[in-house]
Amino acid sequence: MRFSRAFTAILFCIILTVVPNTVLNADDAAVKRSVTRSLEYLSRAQRRQGFWEANGGQYRVAMTALAGTAFLAEGSTTTRGRYAKNISRAVDYLIDMSQPSGLIGYPDDYHYTYGHGFSMLFLSQVYGEEEDALRRTQIKKTLDKAVRFSAEAQTSLGGWGYVSAREGNDFDEGSTCVTQVQGLRACRNAGIVVPREIIDRAKVYIRKCMTEDGGIQYSIRGGGARAPITAAAVASMYSAGEYGETDDVEKMLKYCETNIWPEGNGIKSNSFGHWHYMHYYLAQVMYRETDLWDKYRAEIEAVLVSQQGPDGSWQDNSVGPVYVTAMNATILQLKHGYLPIFQR
């Protein structure tokens with residue numbers, strides 16, 4: 001069912017509630033308004049020091065990198081565009097957060113690999129467009145150290161945990177592995193030296209986490225297949241140059257098709273745990289699946305437009321609105337193709 005431009009985002013919300021199985025399409029104008037409102041919300045939420053934060057003041061590095069990526073997806077850079085100041089302040093904050101060890105983040109944060117991985121991705125996308133010579137040098141130095149830190153933090157089995165392998169007793173966990181793979185590959189694409197064996201070992205790790213039906217487990221040690229981690233794993237494999245031609249990735253894709261979309265009804269229902277996280281990565285996969293992208297995009301746009309709050313944010317009870325708003329704004333802007341790491 002298609003609706004004319006006369007219908008507003010409010011009507012989308014009403015119809016979605018009354019007729020949950022109807023396929024909706026948000027027109028281009030509604031999507032553009034949604035993106036603008038979300039970016040304006042993020043702009044207001046940025047702290048004077050340049051960071052964003054989750055509920056309770058947590059995860060400042062991860063939130064800053066995710067929000068900065070959403071602004072880059074709009075086409076702004078540190079020197080050009082509507083959100084240049086926001087991006088510039090975010091870059092400065094993350095450079096300041098670079099530790100002597102190479103970690104981008106707080107050493108006493110027990111989930112620091114998330115922020116570290118997201119920061120590598122964000123800063124590497126900035127690096128390719130940076131016009132200021134001094135800042136470009138600073139970003140390169142930060143990323144060179146960050147890559148070395150990731151290499152040293154990798155577990156004996158090729159994954160990553162919430163903290164480095166040394167500090168975490170060699171514990172590994174799928175979602176943190178994904179952030180490292182994408183961040184490292186983004187760095188490599190930007191010209192930062194990344195030893196190939198680090199990414200190769202991570203790809204082996206992901207394959208070893210796969211169950212018979214193609215789902216990716218919480219950890220190589222078990223935990224059961226999880227749809228959000230599987231979507232994230234496929235996105236990271238794509239970023240690493242592994243597409244659906246291989247049997248393993250094809251099985252992961254089939255798992256996503258069966259358990260998330262379209263057969264899994266995972267757009268129409270966000271009763272899935274980590275729904276926004278799941279679609280942040282599934283959208284990256286679908287964007288590269290050109291035969292599926294238009295249908296998926298129409299459905300995810302309609303749902304996101306309908307669920308956006310009056311202040312331009314989306315809500316999340318656990319991590320907070322900055323987290324889901326940054327991810328959703330990026331989803332809605334993937335079609336522009338501005339970010340090299342997500343390009344086809």
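User: Hey, which way do α7 and α9 cross, left-handed or right-handed?
Analyst: In this predicted model, α7 passes α9 in a left-handed crossing; that is, the near helix is turned anticlockwise from the far one by less than a right angle. Helices here are DSSP runs (H or I, at least four residues), numbered from the N terminus.

User: What's the angle between α7 and α9?
Analyst: About 20°, with the axes of α7 (residues 174-189) and α9 (residues 227-239) 9 Å apart. That makes α7 roughly parallel to α9, a label for angles under 35 degrees. Axes are lines fitted to C-alpha atoms over the stretch in contact, and angles run from 0 to 180 degrees between N-to-C directions.

User: Which residues meet there?
Analyst: Val178, Val181 and Arg185 are among those in α7, and Ile229, Ala232 and Ser236 are among those in α9. Contact means heavy atoms within 4.5 Å.

User: Switching topic: how much space lies in the largest pocket?
Analyst: About 660 Å³, taken as the space filled by probe spheres set on the grid points, joined across faces, edges and corners. A pocket is an open set of points on a 1 Å grid, where a 1.4 Å probe fits, with protein on both sides within 12 Å along at least five of seven lines, and lining residues have an atom within 4 Å of a point.

User: And which element gives the most to the lining?
Analyst: α11, with three residues.

Conventions. Residues are numbered from 1 along each chain as its sequence is written. This is a predicted model: local features need pLDDT of at least 70, side-chain atom pairs count only at pLDDT 80 or more; totals for chains, interfaces and linings use all residues. Side-chain values use heavy atoms; hydrogens and water are left out. Helices (H or I, at least four residues) and strands (E, at least two) are DSSP runs, numbered from the N terminus. Angles under 35 degrees count as roughly parallel, over 145 as roughly antiparallel, 65 to 115 as roughly perpendicular and the rest as oblique.
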